[in-house]
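Hi,

Here is the structure I promised to pass on to you. Have a look at it first, and my notes on what turned up follow below.

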Amino acid sequence: MIKAVIFDMDGLMFDSESLGLRLIEEVMNDYPYEYDKDLNKRIIGMNRELARKEYCQIYDEDFPYDEFMLKKREKTMKYYEDYDVPKKAGLVELLSYLKKENVLVGLATSTYREEAEYMLKKAGVLQFFDKTVYGDEVEHSKPHPEIYEQALLKLRVQPSEAIVLEDSENGLRAAQAAGIETVFVKDLVTPCSTVLQAVTHEVKTLHDIISLIQNQEK
């Protein structure tokens with residue numbers, strides 16, 4: 001019996017990763033560096049500090065990461081103000097179903113609290129979550145399991161009583177390392193075969209999660 005479903009956020013709940021890649025490319029035009037799309041896909045699921053290390057390793061130690069990401073964040077916030085936060089198909093239906101069935105709903109996102117809560121409130125879904133863990137509340141970023149271990153503790157469930165919904169390789173690795181069954185919902189990246197082999201289910205949209213849970217509970 002599934003007692004809790006733990007959600008990732010960017011790329012899983014919101015169509016924010018593709019927007020992020022586009023805006024990063026725009027900001028990169030202001031700097032004397034070549035845009036590296038593979039780098040930005042590789043850091044999906046990582047928190048700010050681990051992403052900073054990746055940037056400085058690929059470009060150079062003097063890369064102005066904080067300034068760069070501030071410009072990208074300003075562009076992102078303006079987009080959300082102008083056009084709203086783009087929700088993935090089936091998100092509200094799934095969250096409503098879980099609440100109706102008294103399944104606990106958790107969030108484990110590498111995005112920091114201030115930005116994440118803005119997005120959740122703007123999208124009108126914050127109230128669905130029983131417990132949350134944000135990227136600035138853990139020491140280690142995905143693919144380390146800490147964020148999912150903290151989510152389990154907050155929800156007061158065992159790994160065997162939960163499932164994790166993820167779209168990134170880093171997120172799947174983190175949940176799998178925490179001993180939780182994972183469901184892969186594809187967004188921009190396809191994880192390596194080792195990670196995919198450890199996935200319990202692979203679905204196309206969040207709509208599919210409802211029937212998956214119903215079938216598991218029969």
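N102 counts as exposed, because its relative accessibility is 70% and the cut-off for exposed is over 50%. Do keep in mind that this is a predicted model. N102 sits in the loop between α5 (91-100) and β2 (104-108), and its phi is positive, about 60°, although N102 is not a glycine. You will find R156 in the loop between α7 and β4, and it is exposed, with a relative accessible area of 78%. I mention these two because most residues other than glycine have a negative phi, and most peptide bonds are trans.

On that last point, the peptide bond from K142 to P143 is cis, with omega near 20°. P143 is in the loop between β3 (131-133) and α7.

Now to the pocket, which may be of interest to you. The largest pocket has a volume of about 730 Å³. Its lining is made up of 32 residues, and M46, M69, K72, T111 and E115 lie nearest its centre. By class, the lining has 13 nonpolar, 10 polar and nine charged residues. Which helix gives the most to this lining? That is α4, with eight residues. At least two lining residues come from each of α1 (17-28), α3, α4 and α6 (113-122).

Two of those helices, α3 (residues 48-58) and α4 (residues 65-83), also come together: their axes come within 11 Å and cross at roughly 120°. The crossing of α3 past α4 is right-handed. On the α3 side the contact involves R48, A51, R52 and Y55, which meet Y65, D66, F68 and M69 of α4. Sorted by class, this contact has five nonpolar, no polar and three charged residues.

In α1, E25 counts as partly exposed, because its relative accessibility is 40%. E25 and L70 are 45 residues apart in sequence, and their C-alpha atoms are 14 Å apart in space.

Best wishes

Key. Residues numbered from 1 in each chain as written. Predicted model: local features only at pLDDT ≥ 70, side-chain atom pairs only at ≥ 80, totals over all residues. Heavy atoms only, no water. Axes fitted to C-alpha atoms, helices over the stretch in contact; angles between N-to-C directions. Helix = DSSP H or I, 4+ residues; strand = E, 2+ residues; numbered from the N terminus. Left-handed = near helix turned anticlockwise from the far one by under 90°. Contact = heavy atoms within 4.5 Å. Nonpolar A, V, L, I, M, F, W, Y, C, P; charged D, E, K, R; others polar. 1 Å grid on protein atoms, 1.4 Å probe; cavity = no way out; pocket = protein on both sides within 12 Å on 5 of 7 lines; lining within 4 Å. Points joined across faces, edges and corners; volume = space filled by probe spheres on them. Buried < 20%, exposed > 50% of the residue type's maximum accessible area, 1.4 Å probe, protein only.
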